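Please keep the sequence and the three-dimensional view at hand while reading.

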Amino acid sequence: MRDRFGRTIDYMRVSVTDRCNLRCVYCMPAEGVASVPHEQILTFDEIARVCRVGAELGIRRIKLTGGEPLVRRGLPELVGMLKGITGIEQVTLTTNGTLLKEQINGLVSNGLDAVNISIDTLDPERYREITRGGSVEKALEGLDAAAAVPGLSVKVNCVPLKATGSNLKGTGSNGTEDEEYIRLALLAKEGKADVRFIEMMPIGLGKHFAGRGGDEILGILEKAYGKAEPCTGRLGNGPAEYVQFPGFGKRIGFISAVSHQFCGGCNRVRLTSEGYLKPCLQYESGTDLKTLLRGGAGDPEIRAAMEKAFYEKPAHHQFGVNGQFWENSQGKSCAEETLETKEMSRIGG
Ligand code: SAM
Ligand code: SF4
């Protein structure tokens, strides 16, 4: 369906848990994370019901996320349930990859179409620092397992982090931050995966970290690998802009929500693990579907609530750029919206 600004809404990011086996500095606090009680998390049947009604409203692609979706037991079963819904064309996953090797076969045999693996650095020490204890070797084993599946689309996502102003040492053991990104891009050169650089968004703990802009990273990579050619045509479901470097087997992508606002073409909504439907990442507004699901509401009532939330999707986010806020591209105000205060792992990134 279309929202009040004429944007087609066909993509839903579904968080299946707020829990995670890592603690990335910009996403979750080191300790004191109060997990949502299990009974407050939607069951697979409830998630499937929301997706079925969503499909009636025009949702075509679903991305499973979290928290870390692979810590939720039985995830392949959910993939199968969602793939069986009439109208759903694609079910994909975003994961830190550390539990992927063990689960990839089950996920793929249940119909998983694509996987995004978050790896911010290949340097083991810096990875441990950013994730507070994670093993990049485990994430890379997951990546290798996914890359070995014929026909599975695999992407690596990196959120470049400026060490300045944070508690991170910043350079890892093997050189400068710039070299980190040059090394990560090798995964695309070798043809293992598209590698995408995502700008840090001022959401949750991300507010306390400075990221690096897509244009800056492109400059660093062009110095190392030569001039990149922009890729044209539709290359995914989302806002990534892709380029091709000479001799690379896969592409490099940039998701630059802060420096290049793309809200005018946004096609997505989010379902939190607690069953709250959020039409925009940055605002609290949305609708509590869990209360409806558990209160005996019929499909028409759930559909009406979802339709209203889709329709009322805010015009745009207000991530600040150099102290300035983006101008409202549709001439509409988001001033009445309340800003989201929850962490990314709780919203579903
Ligand atoms: N655990 C999974 C993972 O790491 O891919 C899925 C959930 S995680 C919240 C999804 C993505 O959001 C990750 O790529 C993570 O780096 C990114 N992320 C978290 N906080 C962010 C922020 N403030 N700005 C931009 N990306 C962020
Ligand atoms: Fe966990 Fe993903 Fe957040 Fe890292 S970014 S703490 S892996 S949910």
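A residue counts as near a molecule if one of its heavy atoms lies within 4 Å of it. By this criterion, the residues around ligand 2 are C20, L22, C24, C27, M28, G67 and N96. Ala, Val, Leu, Ile, Met, Phe, Trp, Tyr, Cys and Pro count as nonpolar, Asp, Glu, Lys and Arg as charged, and the others, Gly among them, as polar. On that basis, the shell of ligand 2 holds five nonpolar, two polar and no charged residues.

This is a predicted model, in which local features need pLDDT of at least 70, side-chain atom pairs count only at pLDDT 80 or more, and totals for chains, interfaces and linings use all residues. Residues are numbered from 1 along each chain as its sequence is written, chains are lettered from A and ligands numbered from 1 in the order in which they are written, and side-chain values use heavy atoms, with hydrogens and water left out.

Ligand 1 has 17 residues around it, of which Y26, G67, E68, S118 and M201 come nearest.

| Residue and its atom | Atom of ligand 1 | Distance |
|---|---|---|
| E68, side-chain N or O | nitrogen | 3.1 Å |
| T94, polar side-chain atom | oxygen | 3.2 Å |
| T95, backbone N or O | oxygen | 3.4 Å |

The strands described next are DSSP runs (E, at least two residues), as are the helices (H or I, at least four), numbered from the N terminus. Two strands pair if DSSP finds at least two bridges between them. Twelve strands form an open sheet with mixed pairing, in the order β9-β10-β11-β7-β5-β4-β3-β2-β1-β12-β13-β14. At the edges stand β9 (229-230) and β14 (287-288); each has a single partner strand, so one side of each lacks a neighbour in the sheet. Within the sheet, β7 (residues 194-198) and β11 (residues 252-255) are paired in the parallel sense over four bridges. I198 has I255 in β11 as its bridge partner.

Finally, consider R212, located in the loop between β8 (210-211) and α7. Leaving aside residues up to four places away in sequence, R212 touches P160, K162, E177, D178, Y181, E199, I217 and I220. The side chains of R212 and D178 make a polar contact at 3.0 Å; within protein, one atom must be able to donate a hydrogen and the other to accept it, and residues adjacent in sequence count only if both atoms are side-chain atoms.

Terms used
Contact = heavy atoms within 4.5 Å. Polar contact = N/O pair within 3.5 Å; in protein donor to acceptor, adjacent residues only side chain to side chain.
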